[in-house]
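Subject: Structure handover and findings

Dear colleague,

I am passing on the structure below, followed by an account of what was found in it. Please read the account with the model open beside it.

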Amino acid sequence: MANSSDIKKIALETIALESDSIKNLSKVIDDDFVKIVETLYRSKGKIILTGIGKSAIICMKISATLNSTGTKSSFLHLGDAFHGDLGVIDKNDIIICMSKSGESEEIKKLSNYLKLNKNILIGISCNDNSLLKDISDMFILTEIEKEACHNNLAPSTSSSCHLAIGDAIAMSLQYIKGFTPDDFGNFHPSGNLGKKLNLKAADLIDKNRTPNVSKESKIDEIINEISSKMYGATAVISNNEIIGIITDGDIRRVLEKKADIYNLKASDIMSSNPKVININSRAIDSLNIMKENNISQLLVLDNSNKYVGIVHFLDLIKEGING
């Protein structure tokens with residue numbers, strides 16, 4: 001059995017080899033790559049990802065990434081394609097075929113089928129002298145020095161490079177399509193990611209618990225409002241507009257100064273220009289504002305800029321929104 005130093009050595013060599021190979025892909029991000037992305041963007045059909053073995057698994061992941069970022073895509077296992085699954089390919093679809101060697105009987109059969117249907121074929125392979133390159137309308141060479149496998153056999157470096165180039169295509173398409181976080185949220189309604197993208201400030205506030213005092217309010221009223229509403233803060237309102245915020249921290253600082261607190265008014269204690277957020281803003285945006293400003297509460301405004309509640313840092317934590 002290998003000792004711990006051998007295991008660490010192999011692991012580090014694997015990471016170094018794969019990362020170096022991915023860095024070398026920068027040379028294929030050229031005008032031909034741009035043409036491929038623009039062709040995919042203009043397509044009136046969907047993008048079909050196909051391959052065999054480990055390449056098929058990478059294709060499945062890239063197809064899922066395309067779908068989640070606004071580009072319609074389907075995965076077609078190249079081995080199953082000639083047993084009825086070719087029916088998934090429509091007239092205007094573009095096919096991306098991934099293969100380390102670029103050589104297989106299935107690739108040759110695929111070429112014959114696509115020629116009849118006049119579909120565009122984009123090949124991605126580690127072999128610059130392959131059948132896949134010869135039959136492709138467009139081609140990306142993912143050249144590697146060797147696989148990370150110590151026998152130079154198991155797809156590892158090649159798979160990492162294919163995954164990286166697929167993500168590069170998907171992210172380029174996402175950008176030129178103007179795909180927004182809200183669009184992304186529509187495709188991810190469930191789970192923690194769904195909450196981050198879809199949960200709004202409106203979902204966190206309690207409209208029956210909106211602590212507020214006037215600028216003339218005295219310390220006992222302020223403390224009662226903060227304590228009873230349990231947000232650790234209260235808005236200061238004048239003429240139906242927010243003019244400040246008082247937190248329990250502000251109260252503690254006043255007490256530490258041993259001032260004549262009973263003659264103080266809210267306007268003497270408050271912090272002006274408090275941080276606010278619109279009721280329709282995402283909960284994750286509330287968290288980001290709190291982190292940037294090192295605060296625990298945000299005052300929430302409706303679309304008419306009326307104060308409607310408070311979002312507290314703990315409300316976000318309870319919902320699993322923590323970064």
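A residue is called buried when its relative accessible area is under 20%, exposed when it is over 50%, and partly exposed in between, with a 1.4 Å probe and protein chains only. By that scale Met171 is partly exposed, since its relative accessible area is 37%.

Before going further, please note that this is a predicted model, in which local features need pLDDT of at least 70 and side-chain atom pairs count only at pLDDT 80 or more, while totals for chains, interfaces and linings use all residues. Residues are numbered from 1 along each chain as its sequence is written, and side-chain values use heavy atoms, with hydrogens and water left out.

Overall form

The chain holds 14 helices and 12 strands, where helices (H or I, at least four residues) and strands (E, at least two) are DSSP runs numbered from the N terminus. Its radius of gyration is 29 Å, whereas a compact globule of 323 residues would have one near 20 Å; the radius is taken over C-alpha atoms, and the globule rule is 2.2 Å times the number of residues to the power 0.38. Along the principal axes, the C-alpha atoms fill a box of roughly 90 × 55 × 35 Å.

Of the 323 residues, 44% are buried. The chain exposes about 17,600 Å², and carbon and sulfur atoms supply 50% of that area, which was computed by the Shrake-Rupley method with a 1.4 Å probe, only the protein chains shown counting as cover for residues. Taking contact to mean heavy atoms within 4.5 Å, 62% of the contacts between residues at least 6 apart in sequence join residues at least 24 apart.

Nonpolar cores

A nonpolar core is here a set of buried Ala, Val, Leu, Ile, Met, Phe, Trp, Tyr and Cys residues joined through side-chain atoms within 4.5 Å. The largest one has 22 residues, and Leu40 and Ile140 are those with the most contacts inside it. At least two residues of this core come from each of helix H2 (31-42), strand E1 (47-51), helix H3 (54-68), strand E3 (94-99), strand E4 (120-125), strand E5 (138-141) and helix H7 (157-176). Leaving out residues up to four places away in sequence, Leu40 touches Ile47, Ile94, Ile96, Ile122, Ile169 and Leu173. Another core, of 16 residues, lies apart from the largest one and includes Ile277, Ile284, Met290 and Leu316. In soluble globular proteins, nonpolar side chains tend to be buried together.

Individual residues

Ser99 lies in strand E3 and counts as buried because its relative accessibility is 11%. Apart from neighbours within four places in sequence, Ser99 is in contact with Ser55, Ile107, Ile124, Ser125, Cys126, Leu132 and His162. Ser99 and Gly123 are 24 residues apart in sequence, and their C-alpha atoms are 8.0 Å apart in space.

Met171, the partly exposed residue mentioned above, is found in helix H7, where it touches Thr65 and Thr69 if residues up to four places away in sequence are not counted. Ser26, in the loop between helix H1 (4-24) and H2, is exposed, with a relative accessible area of 51%. The C-alpha atoms of Ser26 and Ile165 are separated by 9.6 Å, although the two residues are 139 apart along the chain.

Which backbone angles deserve a check? Most residues other than glycine have a negative phi. Lys118, which is not a glycine, has a positive phi of about 60 degrees; it lies in the loop between helix H5 (105-117) and E4 and is exposed, at 73% relative accessible area. Asn240, also not a glycine, has a positive phi of about 65 degrees; Asn240 sits in the loop between strand E7 (233-238) and strand E8 (241-247) and is exposed, at 72%.

With best regards
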